[in-house]
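Visitor: I have just opened this one on my screen and would like to go through it slowly. Could you show it here so that we can look together?

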Amino acid sequence: MNKIGTDLPFAAAQLRAGKLVGIPTETVYGLAANALEAQAVASIFEAKNRPAFDPLIVHLANFEQAAAFCTAIPDLAYRLAAAFCPGPITFILPKNHHIPDLVSAGQPTVGIRIPNHPLTLQLLQQLDFPLAAPSANPFGYVSPTTAQHVADQLGDKIAYILDGGPCEIGLESTIIDLSIAVPKVLRLGGLALEQLEAAVGQKLTLQTSSSNPKAPGMLLKHYAPNKKLIWADAAPQTPTVAMDKIAWLRFSEPLAHVPLKQQFVLSPSGDFKQAASRLFALLRELDQSAYDLILVEKAPETGLGRAINDRLKRAVTP
Ligand code: TXA
Ligand code: MG
């Protein structure tokens, strides 16, 4: 049978049997397994080639279910959940014994997220266990935003891919650590920092550096394509690559002095949402193109532009 489709009962049956299923979310596609079965979770790490020190996010049908897996949930978490769930936010909360140590990579906390995609929400409602799911890409590569991206890279390792169309947001969820006295943002993502701060009612500290031991998935070289990417403003005056082998990844305005076909524009109208939703697919396209060097322009550093720049920073060649 075809591995990509919309057969919910089949997807559910695979997950009940401890197998891996690709699931659509509003952010990126996930590689899902039963979060309560250490063996099933182990096969996620194996399929992705992901180091076991990198914890997984646990996906639930609604935030009320979090109480079954966490020892304490602050009021702020309920307030943020009421404002943004289902949606592109992950809460780090103290975990209880139901969550295997493999899921949390030995940490006393667990990432909880309610994905906003109708198919995956239906799937979660049909299951009597939550789904552990990292982004469905091999470790260190760009996250998938279509079912085909998942099939291209992990197709032979998973039982089924639930096709929910292209991801609406295209950037991974924003991660907020609520397991500590003063909340911190561990990853910029699909929920803009400004929106989160407005709901929290205060400025938030960011702890998203590569040395951050709490979110090891935020290693500096993490969203990397195979091609050489450099910041356009740091490019040498006389490039060592032939002009027709260079592509430009632009945020909005194409450059006047460069042939249009060599320019890849994230959003002609400068719309952050459109730019975010196209980012990973465009990085993949460039990676598979005949260009040898990609000159990358930064997005304006505000709203989703911050998260876009964060991913670009990880994609550029150090
Ligand atoms: O949008 C998303 O969050 C997607 C979709 C599939 O839900 N998932 C995703 O998962 O991006 P992943 O595994 O690619 O990234 C999860 C990040 C990693 O950086 C990991 O270190 C961090 O979340 N994380 C997970 N559990 C954590 C915990 N208990 N404490 C700190 N960081 C945690
Ligand atoms: Mg990932």
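This is a predicted model: local features need pLDDT of at least 70, side-chain atom pairs count only at pLDDT 80 or more; totals for chains, interfaces and linings use all residues.

Visitor: Which classes of residue line the largest pocket?
Guide: The lining of the largest pocket has 8 nonpolar, 4 polar and 3 charged residues. Here Ala, Val, Leu, Ile, Met, Phe, Trp, Tyr, Cys and Pro count as nonpolar, Asp, Glu, Lys and Arg as charged, and the others, Gly among them, as polar. Residues are numbered from 1 along each chain as its sequence is written, and chains are lettered from A and ligands numbered from 1 in the order in which they are written.

Visitor: What volume does the largest pocket have, and which residues are closest to its centre?
Guide: Its volume is about 320 Å³, and of the 15 lining residues, P88, I169, G190, Q195 and K273 are the closest to the centre. A pocket is an open set of points on a 1 Å grid over the protein atoms alone where a 1.4 Å probe fits, with protein on both sides within 12 Å along at least five of seven lines, and lining residues have an atom within 4 Å of a point. The volume is the space filled by probe spheres set on the points, which are joined across faces, edges and corners.

Visitor: New topic: is I112 buried or exposed?
Guide: I112 is buried, because its relative accessible area is 0%; buried means under 20%, exposed over 50% and partly exposed in between, with a 1.4 Å probe and protein chains only. I112 is found in strand β6, residues 109-113, where strands (E, at least two residues) and helices (H or I, at least four) are DSSP runs numbered from the N terminus.

Visitor: And what does I112 touch?
Guide: Leaving aside residues up to four places away in sequence, I112 touches V58, L60, F63, A66, C70, I89, T90, F91 and L93, where contact means heavy atoms within 4.5 Å.

Visitor: Which sheet has β6 in it, and in what order do the strands come?
Guide: β6 belongs to an open sheet of 11 strands with mixed pairing, in the order β1-β8-β2-β3-β7-β4-β6-β5-β9-β10-β11. The edge strands are β1 (4-5) and β11 (205-206), each of which pairs on one side only; two strands pair if DSSP finds at least two bridges between them.

Visitor: How does β9 pair with β5 and with β10?
Guide: With β5 (residues 89-94), strand β9 pairs in the parallel sense over 4 bridges, whereas with β10 (residues 184-187) the pairing is antiparallel over 3 bridges. I175 of β9 stands opposite T90, and the bridge partner of I175 in β10 is R187. β9 and β10 form a hairpin with 6 residues between them.

Visitor: Which way do the residues of β9 point?
Guide: In β9 (residues 174-177), T174 and I176 point one way and I175 and D177 the other way, and all of them are buried.

Visitor: What about the sheet of 4 strands?
Guide: That open sheet has the order β12-β15-β13-β14 and parallel pairing. β12 (228-231) and β14 (263-265) are at the edges with a single partner strand each, so one side of each has no neighbour in the sheet. Strand β13 (residues 246-250) and β14 are joined by 3 bridges, with L249 opposite F264. Helix α8 (residues 272-287) packs on the sheet, touching β12, β13, β14 and β15 (293-296), and its direction makes about 160 degrees with that of β14. Such angles run from 0 to 180 degrees between N-to-C directions, and axes are lines fitted to C-alpha atoms, for helices over the stretch in contact.

Visitor: Where is there a cis peptide bond?
Guide: The bond from C85 to P86 is cis, with omega near -5 degrees, and P86 is found in the loop between α3 (75-84) and β5.

Visitor: Last one: what phi does N49 have, and where is it?
Guide: N49 has a positive phi of about 60 degrees although it is not a glycine, and it is placed in the loop between α2 (38-48) and β4. N49 counts as exposed because its relative accessibility is 63%.

Methods
Side-chain values use heavy atoms; hydrogens and water are left out.
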